[in-house]
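Hi,

Here is the structure I promised to pass on. Have a look at it first, and then read my notes below.

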Amino acid sequence: MDPTEELIWKYALQNAVKYGGKANPGNVIPKVIGIEPALKADMKSLVPKVNKAVSEVNKMSAEAQLAKLRELAPELLEKKKEEERNIFAFYGIKEGEKIRTAFPPGPEKYPHIGHAKALLLNYLLAKQYNGEFYLRFEDTNPKLVKKEFYDIMQENFRWLGVSWDKLQYASDNMQLFYDLAEKLIKDGQAYMCFCETELARQNRGKGIECACRNKTVEQNLADWKRFSSLKEGEAVLRLKIDMEHQNTTMRDPTVFRIIDVPHARLGTKFRVWPNYDFQNSIMDGYYGITHRIRSKEFEMRAELQRHIQRLLGLTVTNTYEMARFNMVGVESSGRVIREKVAKGELVGWDDPSLTTIVALRRRGFLPEAIRDFVVSTGISKAESTLTWEDLILHNRRILDNIAKRFFLVAEPVEVSIKGAPAQEVELNLNPNEKKGGRKLSSHEDFLLAKSDVSRFSDGELIRLMDCLNVRYEKGRYTFDSQEYEKFRGRGKLIVHWLPREGNLDVEVMMPDKTVVKGKGEAGVASLKVGEIIQFERFGFCRLDAVEKGKYKFWYAHK
Ligand SMILES: [Zn+2]
C-alpha cells in the first residue's frame, strides 16, 4: 500500500466503523485532504482511489473493519471509542434518572450467546446509570418450564460475570395476576370467552367480534370465579380492545387460559395461567422496570404490553427491540438441538458446534470475550450475520496474553537426526509474561507431526523451533546447525517437536467432533482441568478431563 492509499484506507475504515459498516466517499475525501492538502491538486486521481477503497471496505464485515482499523490506525479507533463509549446513549437517559432493568428468561433451555447479549446489555445498562438489575424467571407456562434450568441459567449467568439485585419468579405472583385480571373485568376491560379455539382464531384474523364480548361485568365476574372448575380449552379471559386493530396482537388477545400440566415449582396448585404478554407486562410494570432491551421478535407485542401497563396504571416500560443475533452455520433452535442430541448427532447441549454458554465455556471461550463480542455487535435494528471468527477475535486477544504455551505433536512420526547434539532446550511458557519456564531435553531422536513431515521437500532446511536446523534429504535427516541466524534466509519451515521419550498422551476434541490424537510435552501434567492453553501452531485448547493418564482437551480456535 502506498502512503496515500493507506491514508485513504484509514479514513474509509474509520468512516465505516462509525456509520454502521458503510463508509461514504463524500466523508472520506475531506478527511484525507485535511491530512494531506497536496492531494487536492489532483482530485481526478484521488476520487477513483477513494471510491475503490470505500467499495472494498464496505464489503468487509463490521468485525473485519474494526480489526483492520485497529491494525492500521489504532489512534482513530480510540477517538471513536471515546465518542461512542456509551452504547446506551440512544435512550437519552438523564443524569440522576432512576433506572431499573431486567432480563427475563424462560427456564426452558440452555442459554446461548443470543441470551447472553440481552442479559449483558440489560445488566450493563443498569450499571451505566447506577440502576438496579433484576433477573426474572418467566415461568408461567407449565408446559415449557423445566426445573433444572432455574439453576443452570443462574450458574451460566454468574459465569458471564453478571450479578442481580433481585431474583424473581413470575410464578410467585399468581395472586397478583389474578387480582389485576379481576380489576380489568370490573373495569369492563376484559371478558370471559367461551368460543371454540379455532373459531376464535379465525374471527381474530377476520376482525369479527364474538357474542361473549357483550356480556355484563357481573356475568364475566361470575364466569371468572368459576374459571378453575372449567375444562382445559373451555374458556379463556380476553382483553376487550379492538377486533379490527391494525396490529393483530391487539385484537382482543387471550390473557388467561387453563393449562392442566403440573408446574415445575408449584405442582398442581394452579390451573388458570396468565399468558406471556400479561405476565410480562405486569412483572415489568408492577415492579417498576423502567427500561428493557430485548430482541426484535417481541416488537409486535410491545404495543399490547404497554397497553396493559397503562390500563392498570403501572410503570410503562421503555422497551427497545434490537435485531436478532445470528451466527453463520450455528444451530440455535432448541427443538432441533434437542432432536439432534436424542439422535446422538450432538454430544449434548455443550456440543462444540453450538453457541450455548455451556458449549462455549467447555471449548475455552472466556466470559470477558463473550461480553466484549456481544457488546461490539451493537444495539441495532438491522439484522447482522456474524461468524465464529468475529467471536474468536475477542477471545484470542485475551488468551494471547495469558495462555501458557506447550508443544503438541499430532499423529507423531519418529525421526532421527544424525549428529544432533544433546541439549537442554528452554522454551517460553508465555511469550508475553515470562521468559523460559519450559525445559525439553533433546538429542537425536524426535517426534514430529505427520502433517509437518508430509510437507518437507527434498533438500529443504527445516527449523525445529528454538532447537536446531535440520536438512531433509531422501527421507533422511541430517543435523545442520543450532542457531536461528543460520536458518534465516536459507529455510522457510519452522516446526514444533518433542523428544521421543517422556511425553504425555493427548487427545483434542475438535469443533467438528473429530478427535486429534498425539503427544504433549511433560509440562502439560501441571495443568488443572479447566485451564486454557495454547498448543503452539495448533491452537488454543481447554483441558477438559484427565482420564487414565490421557489428557483430554477441547479445541477453542487457532
Ligand atoms: Zn367468544
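Predicted model: local features only at pLDDT ≥ 70, side-chain atom pairs only at ≥ 80, totals over all residues.

Let me start with a strand pairing: Ile258 stands opposite Val272, a residue of E7. Residues are numbered from 1 along each chain as its sequence is written, and side-chain values use heavy atoms, with hydrogens and water left out.

Back to that pairing. E6 and strand E7 (residues 272–274) are antiparallel and share 3 bridges. E6 also runs antiparallel to E5, with 2 bridges joining them, and there Leu237 stands opposite Phe256 of E6. Two strands are called paired if DSSP finds at least two bridges between them.

The loop between strand E5 (236–239) and strand E6 (254–258) holds Asp252. Its phi is positive, near 40°, although Asp252 is a residue other than glycine. Is Asp252 buried or exposed? Asp252 is buried, with a relative accessible area of 0%. (Buried means under 20% relative accessible area, exposed over 50%, and partly exposed in between, using a 1.4 Å probe and protein chains only.)

Asn130 has a positive phi too, of about 50°, and is not a glycine either. Asn130 sits in the loop between helix H6 (113–128) and strand E2 (132–137). This residue is exposed, at a relative accessible area of 75%. In strand E2 itself you will find Tyr134, which counts as buried at 4% relative accessibility.

Now the metal. Which residues coordinate the zinc ion? The ligands are Cys193, Cys195, Cys210 and Cys212, each through SG, at 2.2 to 2.4 Å. Donors are N, O and S atoms within 2.8 Å of the metal (3.2 Å for Na, K and Ca), and water is not among the atoms, so sites may look incomplete. The zinc site is tetrahedral, with angles of 106 to 114° among its 4 donor atoms; four donors get that label if all angles lie between 85 and 135 degrees. Along the chain, the donors are spaced as C-x1-C-x14-C-x1-C. Cys193 and Cys195 are both buried, and Cys212 is buried as well, with a relative accessible area of 11%.

How many disulfides turn up in the whole structure? The search finds 0, where a disulfide is a pair of cysteine sulfur atoms within 2.5 Å.

There is also an open sheet of 7 strands with mixed pairing, in the order E21-E18-E19-E20-E14-E17-E22. Strand E21 (494–495) and strand E22 (498–499) are at the edges with a single partner strand each, so one side of each has no neighbour in the sheet. Strand E14 (residues 412–418) and strand E20 (residues 476–481) run parallel and are joined by 2 bridges. Lys418 has Thr478 of E20 as its bridge partner.

Two helices to look at next. Helix H8 (residues 174–186) has 13 residues and reaches 18 Å from first C-alpha to last, close to the 18 Å expected at 1.5 Å a residue; the expected span is 1.5 Å times one less than the number of residues. Its buried residues include Phe177, Tyr178 and Glu182. After H8 comes Gly188, with a positive phi near 75°.

Helix H16 (residues 388–402) has 15 residues and reaches 21 Å, close to the expected 21 Å. H16 bends by about 25° at Arg396, the bend being the angle between axes fitted to the seven residues ending there and the seven starting there. Among the buried residues of H16 are Trp388, Asp390 and His394.

Cheers

Conventions:
Tetrahedral: all angles 85-135°; square planar, octahedral: opposite > 155°, others 65-115°. Helix = DSSP H or I, 4+ residues; strand = E, 2+ residues; numbered from the N terminus.
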